[in-house]
Amino acid sequence: MAGLNCGVTVALLGVLLLGVERLPRGAEAFEIALPQGSGITVHIKLGTSTVPAKPCYIVISKRHVTMLSIKSGERPVFTFSCQNPENHFVIEIQKNIDCMLGPCPYGEVQLQPSTSVLPTLNRTFIWDVTAHKSIGLELQFSVPRLRQIGPGESCPDGVTHAISGRMDATVVRIGTFCSNGTVSRIKMQEGVKMALHLPWFHPRNISGFSIANRSSIKRLCIIESVFEGEGSATLMSANYPEGFPEDELMTWQFVVPAHLRASVSFLNFNVSNCERKEERVEYYIPGSTTNPEVFKLGDKQPGNMAGNFNLSLQGCDQDAQSPGILRLQFQVLVQHPQNESSK
C-alpha cells in the first residue's frame with residue numbers, strides 16, 4: 001500500500017524520477033500563481049550561507065533544477081527532492097511598481113503572494129518603486145517601529161528591512177533596519193527600493209508598512225524618529241560606512257515628549273575635501289532665535305534640547321582629485337532634564 005501511495009503521489013505531480021533518486025515520501029507540492037500584469041517575479045535559488053553535504057533539487061516538469069524563476073501570468077507546480085529545502089534554497093519575490101506609467105498604489109503594502117502559499121524558505125520581499133523626480137514617496141512603519149543597524153550587525157529575530165533611494169541611475173543605500181526602534185517614517189523622492197527579509201521559521205505574514213504620496217522633499221531623504229519615553233537611537237548617513245553622496249542634503253526629524261530632553265553625540269564621522277561650500281550639520285531647535293543653528297562635524301553638538309527638533313547633514317562639492325568621504329554615525333539620547341543648559 002505504501003508503494004501504491006508513493007506512485008499515486010508521483011503521478012499526480014507529473015514528476016519523473018532522476019535515475020534511482022526518489023522524492024521524500026509525502027513530498028509537498030507547491031503552486032505559485034502570479035496574476036498577469038502583477039509586476040511580480042519570483043526567484044528560487046540556492047542560498048550562499050551553507051554548503052550541505054547532500055544536494056537538493058527543485059523538481060518541475062520532469063526536471064531537477066537548482067533555480068526557478070516565475071513571471072507574471074505563470075503558475076508552475078513544483079516540489080523539492082529533499083525534506084529540508086530551507087537548508088539549501090532561498091526565495092526572492094520582487095514587485096516592480098512604475099508610478100510614471102500609471103497611478104501609484106498608495107496605502108498598506110501587502111505580501112504577495114501570501115506567505116501561506118510559499119515554500120518554507122528564507123524569503124525576501126522586494127518592492128522597487130519608480131516615480132517622477134518631483135514626487136515624494138513616504139514609507140510609513142506601523143508599531144513596532146524600526147531601529148537602524150550598522151555594518152556587521154544583525155537583527156535578533158532575523159527580520160531585516162533594507163531601504164534604498166534613487167538619484168537618477170544611482171542607487172543610494174538609506175540603511176538597514178531591525179524592528180523595535182524609533183524610526184516611524186522615511187521620505188524619499190524619485191524612487192524607493194524596500195527589501196524585507198524574513199527567515200524561514202518566522203510566522204510574519206504582513207509587510208508592516210504603507211506607502212504615501214508626498215510633495216517634493218527637495219533632498220535625498222527625511223527620516224522621522226519618534227520617542228515615546230526615555231531611550232536612545234543610533235542613526236547613520238546614507239551609504240554608511242561608505243561616502244555620503246556629494247553635495248546632498250539629508251534630514252532627521254525627532255519627535256520627543258515635552259517633559260524629556262534630547263542630546264546628540266557623534267560616534268564616528270569623516271569629512272571630505274571640499275572645493276566649494278562647507279560640510280556641516282544644521283539644527284532647527286525649539287525656542288532658538290537663530291534657526292538654523294549651524295555646527296561643524298567636529299564641534300560639540302547640542303544637548304538637553306526640549307521638544308521636537310530636526311538635524312540635517314549637508315555635503316559639499318568635493319575636490320575631483322582627492323574627494324575623501326563624508327560619513328556620519330550619531331546617537332540621540334532622550335532622558336529627563338539634566339540641567340538648564342541648551343548646549
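In this predicted model, a disulfide joins Cys99 to Cys104, with an S to S distance of 1.7 Å. Both ends are covered. Cys99 has a relative accessibility of 18%, so Cys99 counts as buried, the cut-off being under 20%. Cys104 is buried too, at a relative accessible area of 15%.

This link is part of a set: the structure holds four disulfides. Counting bonded cysteines along the chain, the pattern is 1-2, 3-4, 5-6, 7-8.

| Disulfide | S to S distance |
|---|---|
| Cys56 to Cys82 | 2.1 Å |
| Cys99 to Cys104 | 1.7 Å |
| Cys274 to Cys316 | 2.1 Å |

**Cys56 and Cys82**

What is the handedness of the disulfide of Cys56 and Cys82? The torsion about the S-S bond is about -80°, so this disulfide is left-handed. Cys56 sits in the loop between β2 (40-46) and β3 (58-60). Cys82 sits in the loop between β6 (77-80) and β7 (89-98). The pair therefore ties together parts that are 26 residues apart in sequence. Cys56 and Cys82 are both buried.

**Cys274 and Cys316**

The link of Cys274 and Cys316 is left-handed, with -90° about the S-S bond. Cys274 belongs to strand β21 (residues 274-276), while Cys316 lies in the loop between β25 (309-314) and β26 (317-318). The pair therefore ties together parts that are 42 residues apart in sequence. Cys274 has a relative accessible area of 32% and is partly exposed. Cys316 is buried, with a relative accessible area of 1%.

Cys221 has 0% relative accessibility, so Cys221 counts as buried.

**The chain as a whole**

What secondary structure does the protein chain have? It comes to one helix and 27 strands. The protein chain has 343 residues, and buried residues make up 45% of them. Contacts also reach along the sequence. Among those between residues at least 6 apart in sequence, 79% join residues at least 24 apart. Finally, the surface: the protein chain exposes about 17200 Å². Carbon and sulfur atoms supply 51% of that area.

Methods:
Residues numbered from 1 in each chain as written. Predicted model: local features only at pLDDT ≥ 70, side-chain atom pairs only at ≥ 80, totals over all residues. Heavy atoms only, no water. Disulfide = S-S within 2.5 Å. Helix = DSSP H or I, 4+ residues; strand = E, 2+ residues; numbered from the N terminus. Buried < 20%, exposed > 50% of the residue type's maximum accessible area, 1.4 Å probe, protein only. Contact = heavy atoms within 4.5 Å. Areas by Shrake-Rupley, 256 points an atom, 1.4 Å probe, with all protein chains shown as cover.
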